[in-house]
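Subject: Structure handover

Hello,

Here is the structure for you to look over. My notes on it follow below.

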Amino acid sequence: MSAPASPHTSLFHIPHRPFGPRRPRLTRLRCLASLAPASAGASPANDNHLIQTLCAHGRLARAAALLQGLPAPTQRTYESLLLAAARAGDAALAAAVHRRLETDPVFRSDPFLSTRLIEAYATLSALPAARQVFDEAPVKNIFLWNAMLKALALADHGEEALSRLADMGRLGVPVDSCSYSHGLKACIAGSTSHVPASARVREMHAHAIRRGYGLHTHVATTLIDCYGKLGTVTYAERVFAWMPERNVVTWSAMIGCYAKNERPGDAIELFQEMMASDADLVPNSITIVSVLHACAGVNALGQGRVLHAYILRRGFDSLVSVLNALMAMYMKCGCLEVGRYIFNWIGRRRDVVSWNSLISGYGMHGFGRESVQVFKEMIKEGMSPNIITFVSVLGACSHGGLVEEGKKLFESMVEYNVTPRAEHYACMVDLLGRAGRLDEAVELIQSMRTEPSPQVWGSLLGACRIHGHVEYAEMACSHLFDLEPRNAGNYVLLADIYARAKLQNQVEVLKDLLEEHALEKVPGCSWIEVKKRLYSFVSVDNKNQQVEELQALIGEFVAQMKNEGYVPDTASVLYDIEEEEKERILLGHSEKLAVAFGLINTGKGEVIRITKNLRLCEDCHAVNKFISKFTEREIIVRDVNRFHHFRDGVCSCRDYW
């Protein structure tokens, strides 16, 4: 599959335009010719050809007018009209073609055109009309069945799609690879069934294996995508490993599976393996977007820049989806100026994703006011905000401490026909909680018309940790322990709050509960890219040679910090051990190990960029501030919440995170 040619200028090049008169383009001449009225003696063949030409150039009103007086439309003419209607989102034209087909004695029962009609209605979100075509079709071949299955799966009518698939078996209609692919998508589409989607996908997988379709490229690729969406990466890996043949879509599905399931390093490695495996295997836009997301996930700026060059070389910069992902990658790697440059370059092609990425990017870096200003620019430009827009701008207000601005934005959601969801309430609870307005946060939760989600209660618990509020923390955990019984992080967070409140008995109770339910805290993990290679570090309390060397370097900094009055924050270490041993455990935190590795393996003046999977702890925050000043190096750490830019002993978050 070849990459699309770019009709736009590249990000860094201006095209040379020669002087002199421009030659008229052939396509333009054809469009102008198509506007001329048909001669009185025009033949049906010419009229059919003219309609097809008009459809190809988007002149649908003229094509529809000609159809009304055409005595004998051909199958290709009907198909051209339906494809053009779907492409242009013209439901009225599709309905007009449908009405004409119903009166056409030649093509009224044509299965091919019935299939095209269902596909058009599916694209136009006109599911009732698609059902009508299917139900009234006297001849239902496999293509018609598959078109209906696809329409139902796309519309999130998973139950009905699976019921139709069962009808195929009952009526003796032989299923093919497309049937299984649509059926798998239906398994994870919107469903009211009590049967978990994961169980249905596995059942469909087994059925496909029995019928000999389990390793078919199309089916296996869909399986990888489904398992990725369900979070069962191991199953996706098995399917991928067993496949005898893989195409670019298959590789893209597996790369996307890793990127979506917090395994960005594996996604980048698999992309590199794909590029090395076959010179004829050319990534498509979906591959590029997935790898950009993976680069953003681990702050792999070097890899992202290499990919940027590849995008320009192959012409992918003509696609807004790729540019949006490229912009997000730069902003998530700490390069705000480059991200803003790409946003400006997209220009009039910007969509809501472009605006959301910029709003979110400013918010992650703590530039709340800039984020709100971009939101206002978005509204002024006539772009309608969506659910993600408000999550991004409310999150920006939270990181910037803009309480009143956030409250006004939350109240304004109804003006844009956006109904607040759990994630918006979670943002507001976080906003109020970080600012110390815990009573207001609790009142907001109690005012919710729906049951608060774990995300909402988690925001309250996080705020309680910041401000040491035991009572509200216990309230949040009383719900979280029921909603997320296997989430060890909630137990650990409450234990940390108890420890800081000197309630050691309660700490021991929680530690016993963790042990009783065999729950393990997610280990802290940090990533750093050095010379375009990605390295990961896990928080450890055991010794090995490499860790000891890195800890020794951090220990030297800590010793100098102590001379200046620094006291290690050991409250987060819940083990009942000596204070000296707690300090040694702090030296093994993953972000400290990554910083030490960066100092040893990068040159003077280079920025050290680190990504961590958890919240940056207070002790690591203090140590990074000192190191940035002592070594005269900029350290950028992106934790699960936001960016921290350490420079000259000061953090960009102003100790508000």
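The side chains of Asn490 and Glu484 are joined by a polar contact of 3.0 Å. A polar contact here is a pair of N or O atoms within 3.5 Å; within protein, one must be able to donate a hydrogen and the other to accept it, and residues adjacent in sequence count only if both atoms are side-chain atoms.

Before the rest, the ground rules. This is a predicted model, in which local features need pLDDT of at least 70 and side-chain atom pairs count only at pLDDT 80 or more, while totals for chains, interfaces and linings use all residues. Residues are numbered from 1 along each chain as its sequence is written, and side-chain values use heavy atoms, with hydrogens and water left out.

Asn490 sits in helix H28, residues 488-500. Helices (H or I, at least four residues) and strands (E, at least two) are DSSP runs, numbered from the N terminus. Asn490 is buried, at 8% relative accessibility. Buried means under 20% relative accessible area, exposed over 50%, and partly exposed in between (1.4 Å probe, protein chains only). Apart from neighbours within four places in sequence, Asn490 is in contact (heavy atoms within 4.5 Å) with Leu461, Cys477, Leu480, Phe481 and Glu484.

Thr222 is in helix H12, residues 217-230, and is also buried, with a relative accessible area of 6%. Its side chain makes a polar contact of 2.8 Å with that of Ser181. Again leaving aside neighbours within four places in sequence, Thr222 is in contact with Ser181, Leu184 and Lys185.

Helix H10

Ser181 is one of the buried residues of H10. This helix covers residues 177-187 and is mostly covered, with nine of its 11 residues buried. The buried residues pack against H8, helix H9 (158-171), helix H11 (197-210) and H12. At the start of H10, a side-chain oxygen of Asp176 comes to within 3.1 Å of the backbone nitrogen of Cys178.

Cysteines

How many disulfides does the model have? The count is zero, where a disulfide is a pair of cysteine sulfur atoms within 2.5 Å. For Cys178, the closest cysteine sulfur is in Cys226, 14 Å away and therefore too far for a bond. For Cys187, the closest is also in Cys226, at 7.2 Å, again too far for a bond. Cys178 is partly exposed at 29% relative accessibility, whereas Cys187 is buried at 3%.

Nonpolar cores

A nonpolar core is a set of buried Ala, Val, Leu, Ile, Met, Phe, Trp, Tyr and Cys residues joined through side-chain atoms within 4.5 Å. The largest has 168 residues, and those with the most contacts inside it are Ile118, Met254, Met329 and Leu460. Helix H8 (residues 142-154) gives the largest share of this core, nine residues. Not counting residues up to four places away in sequence, Ile118 touches Ala130, Val133, Phe134, Leu144, Ala147, Met148 and Ala151. There is a second, separate core of 32 residues, which includes Leu550, Ile554, Ile610 and Phe626.

The sheet

Six strands form an open sheet with mixed pairing, in the order E2-E1-E3-E4-E5-E6. The edge strands, each pairing on one side only, are E2 (533-538) and E6 (650-651). Two strands count as paired if DSSP finds at least two bridges between them. E1 (residues 525-530) and E2 run antiparallel and are joined by six bridges. Ser526 stands opposite Phe537 in E2, and Ile528 has Tyr535 as its bridge partner there. The hairpin of E1 and E2 has two residues between the strands, and Lys531 takes a positive phi near 55 degrees in it.

Ile466

Ile466 lies in helix H26, residues 454-467, and is partly exposed, with a relative accessible area of 34%. Not counting residues up to four places away in sequence, Ile466 touches Arg434, Arg615 and Trp657. The C-alpha atoms of Ile466 and Gly433 are 8.6 Å apart, although 33 residues separate the two along the chain.

In the model, residues 351-385 are 74% helix and 0% strand, with end C-alpha atoms 10 Å apart. Residues 386-420 are 66% helix and 0% strand, and their end C-alpha atoms lie 11 Å apart.

Regards
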